[in-house]
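Biologist: Could you walk me through how to read ring contacts and strand pairing in a model like this one?

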Amino acid sequence: MNKFFATLAFAASTIIFAACSSNDTDDIINDVIDNEPKTMSFLVGTPSSNSRAVVSGLNDNATPTINWEESDYIRVWGSGSETGYPYAFSSYTTSFHNYAAFTGTAFDASKYFLMYPNQTDATFDGTSNITATIPTIQTATLNSFDPNAAICMGATEGKEESVTILHACAFLKITTVKDCRSITISAKNKNTDGTNWKVAGKVGIEPSSAGAKIVDFSEAADAVKLTADGTANPSTTFPAGTYLIAIITSTHFPGLDVKVDYADNTNADKSTDQIFSFSAATIYNLGTATPTTTTNP
């Protein structure tokens, strides 16, 4: 194994290349009780005092901290029901923008489950499991993640209307050096049944002692792609800079293929059989994608 791949064993090190939100905004649903709309609010905190929520720091092996924006929505479910409701940002409750009030439809439950972002097609089993989607094609967001990709989840203690939501995904960080068409990351090695390990897609998530845990990824995909607009074949490119890609957590990820397609028809591709452990709420640095090959226009 050469020196390049030797660095892969260290989580805090560069692990691939040499080192060098809009949310769904469906309308708030108002239940009419005694001919008057009723609302309720949740005080929602994120991991740092510093989601969309905007990343505040991209240190290797660190938790990406997030600050609420006034355009943000979350989704709320109550135990015993499969119906989810959009809750809109209503106010900052402290001088720190990682803590805010979200307001929406009033409903009674013995416990509440909250998820960011507000994915309208996310489902809840009525007990503890939310099925949501880490997009397999994510929008390149400079110095941050695609706000629709970085799923955060939390649950109240009983009926208390205050909760901290935490990242369910791990994050791969990569730095590009010029205008880029796409970055594709896939599992290199196959499982014994012939299928590749899962990288992004539909996942089942439950609250845990750590905040959020991905417990099922049987319907997910073995690759994730970053593009300028979150579509498979965008007509535009994204500029040089540092980007985060949200992925499924893993304790035994069997190698990576990374393909960077630059706008000038050069490429920066790397591959390794190194087995990785990717933990939730942690940034893993793939390094700087320096072009090594040229493709035909």
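Biologist: Which residue lies over the face of Y262?

Modeller: K178 does, at 5.4 Å from the ring centre. A charge counts as sitting over a ring if NZ of Lys or CZ of Arg is within 6 Å of the ring centre and within 35 degrees of the ring normal. Bear in mind that this is a predicted model, where local features need pLDDT of at least 70, side-chain atom pairs count only at pLDDT 80 or more, and totals for chains, interfaces and linings use all residues. Residues are numbered from 1 along each chain as its sequence is written, and side-chain values use heavy atoms, leaving out hydrogens and water.

Biologist: How many aromatic pairs are there?

Modeller: Rings of Phe, Tyr and Trp (its six-membered ring) pair if their centres lie within 6.5 Å; planes under 30 degrees apart are stacked, over 60 edge-to-face, the rest tilted. That rule gives 16 aromatic pairs. One of them, F113 with F124, is tilted, at 4.9 Å centre to centre and 40° between the planes. For F278 and Y284 the centres are 5.0 Å apart and the planes at 65°, so that pair is edge-to-face.

Biologist: Is F278 buried or exposed?

Modeller: Buried means under 20% relative accessible area, exposed over 50%, partly exposed in between (1.4 Å probe, protein chains only). F278 is buried at 3%, and Y284 is buried at 5%.

Biologist: Which residue is the bridge partner of Y284?

Modeller: Strands (E, at least two residues) are DSSP runs numbered from the N terminus, and two strands pair if DSSP finds at least two bridges between them. Y284, in β24, partners L172. Strand β15 (residues 170-176) runs parallel to β24, joined by 4 bridges.
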